[in-house]
Amino acid sequence: MDATLDLSRWREAPLGLMHRRWAIVAAGLRQLLRTKFFRIMLFLAWGVGLALAVSGFLFTQSIATGGWLESFVADKGARAQAIVSAFTAIVLVYPDVVIGGMFSMLYWLHSYAGLMLSLITLSTLVPSLVTRDRACNALSIYLSRPLTSLDYLLGKLGIIVGVLVLLWTGPLVASWLVSMAFAPEADFFTHSLEPLGRALLFNLAGLVALACVALGVSSISRSTKATIFLWIGAWPLAFFIASFPTTPEWLSSLSFHWDLNQLRGSIFQMERILTDAADSLPLVDRGITEGLRHMADDVRTGDLALTLSGLAALVATSLVVLFRRLRPE
Amino acid sequence: MDRPIIEARGLTKCFGTQRALSEVTIDIPPGAIGLLGPNGAGKTTFIKCLLNFETPTAGTARVLGREIRPGERSSRERVGYSPEQDCHIPGMAGCEYVTYCGQLSGMPFRKARQRAHEILDLVGMGQERYRLVDTYSTGMKQRVKLAQALVHDPDLVFLDEPTNGLDPSGREHILRLIGSLRRELGISVIVSSHLLHEIERICERVVIIGAGRVLEHDSIAALKDRHRRVVEIAPSGEPERFVAALAGAGVPVERLSNGRLRLESRTESAEWILTLLRDHRLPPAEIVANPNALHELFLKAVAGANGTTPATPPPLPPTVPAGAGPTSSNDGRHA
């Protein structure tokens, strides 16, 4: 005796490959958004973004006629008014150095927050990327569909991109838009584009490195605990060892966090920006000039080629591990 | 004749020095097909090659007319797969999981959700569908695994041991469902199972694989016809008189430990046995033709592939004088 099948039919052509890949990304992000931890991270990331937007907004309004700075010093006496006038004049005369430098500084600082929040979130995400799928034999489910290992991988990569966009790129771009929306001069737009571009370039480099390492680590083991230990070894432990002054540079370059810190210096070029500011701005106080030079020394970075080689080696190793593991078992 | 759902030409898969599949050439027509074979025979490798999980070492294959090539997706658009081992996507409720599987097959979300609920009803999942799959019992996981294989309305479904872990009523329910898939929806089903009676019940054809080769491929009816015509009779009483009547007609009879009598029929039909028993006023309680035909064929095919003789059940003795008195044998039967 057979069962009676009360069932609707679906005989339409399947939706395209992008839809199927997006389904993986959307499901991963939906699962993540259900966790309280990720919602806290989002709150922090957008809080930092808001602070960035407020800083940018205050800076752009500082030179506006009748702006907040002018109003603030209106009753503070002639000396304060003179300082503000001088500052406004410097901004107007050296927009490239001051506006570019200020936004570079803001985005440079934000990159620390963005990277750290992304790394902390990835620590909880890494086991659910590939590890749990392997433990539950979910690869058989994915790959028995009209999907390949590459589609699966792109879907998982999309989840990491989504996390970084929500925690890092989103607040960055939103804060820039807010700053520019109320900027009194076109110079702010023109001279903030380069720092924004550098911030996005570092964001992209971080995305590639973090995505590859996270996916590689996640695919090594089928055990969640083992993956967490591996992530701890690849991130905080390796960074701790790399940060010792006595650690040889080649060994330090095997820490992706250390490499990203080095790359940050090279991309933002804070050393050059601070030195330019110290050299070109007519700063009356020698202390400020010396302070800028000291800061420039502090942010000096190491060998870029070694950093890039280290990152490339880590990315390549992660990809090799990843592709070897992406098969149904 | 319908176009074959599976066409394999010299399909070979080697793992190092071991040949898991050896030049398999077969055309499987649409229908419900049982895939039989002992452990390590190559059944799973065959399915994996057809699903593109494994790249064949040599040979070609087509599924639903689409060639299997590395990176090829379209051959799996209308194919469903329920693997043997426990598998699910962690962190999802049952209905969410099945909907997601539909989306992965290219279904729009709304349609996938609608089909997911219909299929979950069909496989007998109630409110449990709103619980995380991770918390399901083995039986529930088995049902949800079948649901994900069917959600996108495939033309062909591979079911690897689909009744593992199910209780008797659940097993019955799923077997009825699988049987209906072909008859009502026209979905071809390839069932890999060790439970021969289940295969015999739901499948029209059988493919027996052993040592990486196809040993038998035919409809169950044709295979049974080729099999020697064994009949089992359950005497309603006085078994000695049954034995005597049959022996008197020159039919070798084997007495089984469960009280039944086993004999080889002279013709396709068992009608002459009924006539004989009626003449002797011996009404049988039950007559079963070819009771273990598939089982015996399976053992025979596998033994042939291994170059050995099948261990059980033993062949009928050429001539046994009925009523000669019980004689002990190793397997507990007596002639």
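Predicted model: local features only at pLDDT ≥ 70, side-chain atom pairs only at ≥ 80, totals over all residues.

Tutor: Residues are numbered from 1 along each chain as its sequence is written, chains are lettered from A and ligands numbered from 1 in the order in which they are written, and side-chain values use heavy atoms, with hydrogens and water left out.

Student: What makes α7(A) and α8(A) roughly antiparallel to each other?

Tutor: The axes of α7 (residues 149-181) and α8 (residues 186-220) of chain A cross at roughly 160° and come within 10 Å. Axes are lines fitted to C-alpha atoms, for helices over the stretch in contact, and angles run from 0 to 180 degrees between N-to-C directions. Angles over 145 degrees count as roughly antiparallel (under 35 roughly parallel, 65 to 115 roughly perpendicular, the rest oblique). Therefore α7(A) and α8(A) are roughly antiparallel.

Student: Which residue classes make up the contact of α7(A) with α8(A)?

Tutor: It has 22 nonpolar, four polar and one charged residues. Nonpolar means Ala, Val, Leu, Ile, Met, Phe, Trp, Tyr, Cys and Pro; charged means Asp, Glu, Lys and Arg; the others, Gly among them, are polar.

Student: How do you know that α5(A) is roughly antiparallel to α11(A)?

Tutor: Helix α5 (residues 95-135) and helix α11 (residues 256-268) of chain A pack at about 160°, with axes 11 Å apart. That angle makes α5(A) roughly antiparallel to α11(A). The contact (heavy atoms within 4.5 Å) includes A:W108 and A:Y112 of α5(A) and A:F256 and A:R264 of α11(A). Its residues divide into nine nonpolar, four polar and one charged.

Student: Why is B:N52 called buried?

Tutor: Buried means under 20% relative accessible area, exposed over 50%, partly exposed in between (1.4 Å probe, protein chains only). B:N52 has 16% relative accessibility, so B:N52 counts as buried. B:N52 sits in the loop between α1 (43-50) and β4 (58-63) of chain B.

Student: What makes B:A211 partly exposed?

Tutor: The relative accessibility of B:A211 is 40%, so B:A211 counts as partly exposed. B:A211 lies in the loop between β9 (205-210) and β10 (213-219) of chain B.

Student: What is the phi of B:N52, and what is that of B:A211?

Tutor: Phi is near 70° in B:N52 and near 50° in B:A211. Most residues other than glycine have a negative phi.

Methods. Helix = DSSP H or I, 4+ residues; strand = E, 2+ residues; numbered from the N terminus.
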